[in-house]
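User: Please examine the model shown below and answer a series of questions about it.

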Amino acid sequence: MTLTLAFLTLLMAGFTGWLVRQSVGVTPWIADSAHAAPIQVPATFTAPRVALVVFLAVVTSVFALTISAYMMRMAASAEWQFLPQPALLWVNSGVLVLASLALQAAWVAAKRQRQLAFGRALGLGAACTIAFLAGQYLLWLQLGDAGYYMSAYIGSAFFVLMSALHGLHLLGGLVALTKVVTRLKQGATLAQTRELVGLCAVYWHYLLFVWIVLFVVLFVGAAPLYAMCRGGAVS
Amino acid sequence: MAHSAYDAVSTAPLAEVEEMELVHPHSFVGKYVWSQDAKVIAIQYAVTATAIGLVALGLSIVMRLQLGFPNTFSLIDPSSYLQAVSMHGMIMVVYLLTALFLGGFGNYLIPLMVGARDMVFPYLNMLSYWVYLAAVLVLVASFFVPGGPTGAGWTLYPPQAVSAGTPGVDGGIILMLVSLGLFIIGFTMGGLNYVVTVLQARTRGMTLMRMPLTVWGIFMATVLALLAFPALFVAALMMLLDRLLGTSFFLPTMLSLGEQSPHAGGSPLLFQHLFWFFGHPEVYIVALPAFGIVSDLIATHARRNIFGYRMMVWAIIAIGALSFVVWAHHMYVSGMHPGFGFLFATTTLIIAVPTAIKVYNWVLTLWRGNIHLTVPMLFAIGFIFTFVNGGLTGLFLGNVTVDVPLSDTYFVVAHFHMVMAVAPIMVIFGAIYHWYPKITGRMFNELGGKVHFWITFVGTYAIYYPMHYLGFQGVPRRYYAYGDTAFISDSVQTLNAFITIAAIVVALAQILFLFNLVWSLRHGEKADPNPWKATTLEWQTPQTPPRHGNWGAKLPVVYRWAYDYGVPGAKDDFIPQNVPPEDVVPADGSGAARA
């Protein structure tokens with residue numbers, strides 16, 4: 001839970017700092033017209049962007065809690081069977097990096113009004129994402145074939161749980177991408193979809209970051225993490 | 001007095017709050033079923049939550065009949081008793097209180113109180129309700145599957161929740177977990193809307209520090225829910241995998257009927273941590289909207305500005321932040337490290353400080369106020385009493401040494417029903433009576449409301465006060481029957497029978513309440529647009545009930561906070577938020593009032 005609490009502390013500190021600026025030295029009981037001025041919200045804070053940030057905070061909470069649970073489960077286990085690192089794992093990760101880059105390219109193309117480059121980048125991004133999801137499924141099968149059943153290997157169970165949660169979030173992202181395509185088909189211009197593509201790109205980068213963290217805690221860094229969880233009260 | 005600034009404002013562009021594109025359907029289905037109007041969604045949430053809440057009320061009567069008159073009702077066996085306990089708890093906490101405060105009051109009041117036309121994402125808002133309804137239907141379905149609903153207690157502790165012998169282990173627990181997952185997904189959709197609407201869609205002049213405390217309470221509760229519900233989501237998912245795919249997240253190796261279970265190494269304590277990491281903030285997810293709403297009820301019906309507004313806002317935020325570091329006080333008897341107990345007892349007692357600030361401020365608002373004992377005010381005062389009572393026993397239970405002997409007794413049942421069931425429901429009743437004229441355009445029957453209040457208030461004390469004594473006697477909770485137990489005296493049975501009769505009377509009084517609401521829809525007196533002479537924006541709408549889009553051609557502009565009651569020098573004892581200083585009618589009829 002230390003991890004989750006650290007995340008929440010950071011979040012609350014930011015939130016409180018922002019609120020202090022809104023409330024210190026303010027005298028709400030005094031009525032005046034001056035304060036009827038439009039609320040100063042910076043132009044970059046559009047409703048969809050704020051919603052994405054809030055949603056990412058929720059998603060962070062989901063993954064922070066899952067990793068906390070993983071670490072607490074490690075701390076409670078006298079022995080831990082570590083998972084192998086099949087080559088497919090690295091291939092999948094590479095494909096997800098590619099998807100993220102492609103969406104970034106689509107965003108840039110939308111900004112620069114390049115229709116063709118935009119279409120290609122968007123297509124590549126979607127294709128890579130689907131390939132990643134298929135690759136993750138193959139990975140589940142591979143681990144199963146190698147005898148790492150969820151029911152017998154708790155590490156395997158955590159991998160399936162975390163990768164499934166991660167994959168579902170990517171699927172949600174794909175739904176948002178289809179919305180971009182439908183809008184374009186309905187005759188929206190690139191400039192009009194730019195905002196939405198930008199949000200998708202940020203979301204993909206974020207999910208790439210989450211995947212890297214999961215990759216580290218589940219595979220590359222599992223052994224040192226286990227040693228840490230068993231060694232101290234960290235959980 | 002800042003007249004000079006007024007001209008500058010009147011020339012400022014109105015474009016700050018973007019005009020929303022609203023969907024205006026013309027069919028009945030589009031208007032009232034697949035509606036994207038936050039007010040209709042609010043009523044859908046409220047009706048669904050009330051309906052499932054009545055089921056939970058019925059279940060509580062089933063429990064009380066067994067406890068009050070054991071061996072009388074052959075329909076109630078130990079299994080169905082445990083199922084009633086479990087479903088009553090889960091429904092009341094999650095599907096009724098959370099849904100009604102956030103989905104119901106949040107949807108209705110946030111856009112109106114901050115001066116917006118609707119929620120920022122109306123389509124998502126509609127989806128939120130339908131996912132919630134699906135969650136409720138899955139939950140209801142669990143009553144009809146073989147084996148019935150889960151009987152694992154509302155906390156669903158493993159291993160017993162998913163082990164043979166527990167009622168509902170076949171289908172009930174699976175549907176329960178699926179339903180919780182759906183609820184959380186639906187709530188997240190709504191929650192995003194509430195947060196973004198408060199942050200982005202406030203009208204001109206509605207600074208954060210001018211928002212009514214109702215909005216603050218609902219806003220902070222939503223933030224808590226968005227961050228805490230994932231813990232329940234993850235826990236439910238892991239338990240579902242344990243139950244369906246044989247993983248061992250929570251399940252250790254067990255012997256059942258002489259056979260060893262296939263699970264190995266799971267940690268039941270891990271579930272408790274996850275559950276209460278959600279479970280404790282959940283208390284405040286319910287309490288913070290109640291705190292906010294009751295502040296507005298008290299200010300309005302005592303005709304006084306709220307005492308210490310800024311402190312009230314900061315108390316809401318402090319309680320919200322602290323609520324994440326007290327969860328293990330639900331686990332003193334779980335066998336965790338005693339050092340943790342000390343830590344969590346300390347944080348638990350610290351959270352009493354901002355809470356006490358709020359109680360003092362409510363009382364100080366009432367002090368020398370022009371108190372109108374209207375039905376909403378009666379419920380608000382009833383809330384203060386009940387909340388203080390329940391809060392004080394919370395201080396007992398927050399201490400490890402006191403909690404350990406009391407933890408499994410009726411003292412705990414009495415404590416959390418006072419603080420988390422009766423106190424918030426008092427606010428819900430008060431709020432329904434308060435906003436009923438705005439929502440329906442009719443007044444409720446006042447006498448009916450008062451009778452409802454007195455039966456509910458006195459009746460709930462008759463139910464829960466004696467339970468404290470049962471707790472001191474050591475009567476264990478969760479038991480189906482006590483039989484011949486040496487330390488339980490005969491008078492316990494008499495007291496239990498008394499409690500049951502009180503519970504039945506209180507339950508019947510709720511029928512009176514629902515009848516009053518339905519009857520007044522047609523027969524109630526036509527309501528004034530602002531019957532309580534309140535200052536907040538929802539009472540200043542051009543139509544009552546407000547139409548889709550809430551406001552006429554122009555959004556309201558806010559010049560003052562929500563608590564300008566009894567302003568010296570003004571003719572009326574209230575000045576609505578959208579009245580500019582130069583339009584305030586002075587008491588002596590000459591010159592501008594100081595406002």
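This is a predicted model: local features need pLDDT of at least 70, side-chain atom pairs count only at pLDDT 80 or more; totals for chains, interfaces and linings use all residues.

Analyst: A residue is buried if 20 or more other C-beta atoms lie within 10 Å of its own, exposed if 12 or fewer, and partly exposed in between, with C-beta atoms placed from the backbone. Helices (H or I, at least four residues) and strands (E, at least two) are DSSP runs, numbered from the N terminus. Residues are numbered from 1 along each chain as its sequence is written, and chains are lettered from A in the order in which they are written. Local features need pLDDT of at least 70, side-chain atom pairs count only at pLDDT 80 or more, and totals for chains, interfaces and linings use all residues.

User: What span does helix α6 of chain B reach from its first C-alpha to its last?

Analyst: The expected span of a helix is 1.5 Å times one less than its number of residues. Helix α6 of chain B covers residues 172–200, which is 29 residues. Its span is close to the expected value of 42 Å, and reaches 42 Å.

User: How many of the 24 residues of α11(B) are buried?

Analyst: Helix α11 of chain B, residues 375–398, reaches 34 Å, close to the 34 Å expected. This helix is largely enclosed by the rest of the structure, because the number of its buried residues is 17 of 24.

User: Which orientation does α8(B) take to α9(B), roughly parallel or roughly antiparallel?

Analyst: The axes of α8 (residues 268–301) and α9 (residues 309–322) of chain B come within 11 Å and cross at roughly 175 degrees. Axes are lines fitted to C-alpha atoms, for helices over the stretch in contact, and angles run from 0 to 180 degrees between N-to-C directions. Angles under 35 degrees count as roughly parallel, over 145 as roughly antiparallel, 65 to 115 as roughly perpendicular and the rest as oblique. The crossing therefore makes α8(B) and α9(B) roughly antiparallel.

User: How many nonpolar residues has the contact of α8(B) with α9(B)?

Analyst: Tyr284(B), Leu288(B), Phe291(B) and Ser295(B) of α8(B) meet Met312(B), Ile316(B), Ile319(B) and Gly320(B) of α9(B), a contact being two C-beta atoms, placed from the backbone, within 7 Å. Ala, Val, Leu, Ile, Met, Phe, Trp, Tyr, Cys and Pro count as nonpolar, Asp, Glu, Lys and Arg as charged, and the others, Gly among them, as polar. No charged residues and 2 polar ones take part, and the nonpolar residues number 6.

User: Which element gives the largest share of the side of chain A that touches chain B?

Analyst: The contact draws 40 residues from chain A and 58 residues from chain B. On the chain A side, α1 (2–23), α2 (47–75) and α5 (154–185) give two or more residues. The largest share, 13 residues, comes from α2(A).

User: Is Asn71(B) buried or exposed?

Analyst: Asn71(B) has a positive phi, near 65 degrees, although not a glycine. It lies in the loop between α3 (38–68) and α4 (78–114) of chain B. With 9 other C-beta atoms within 10 Å, Asn71(B) is exposed.
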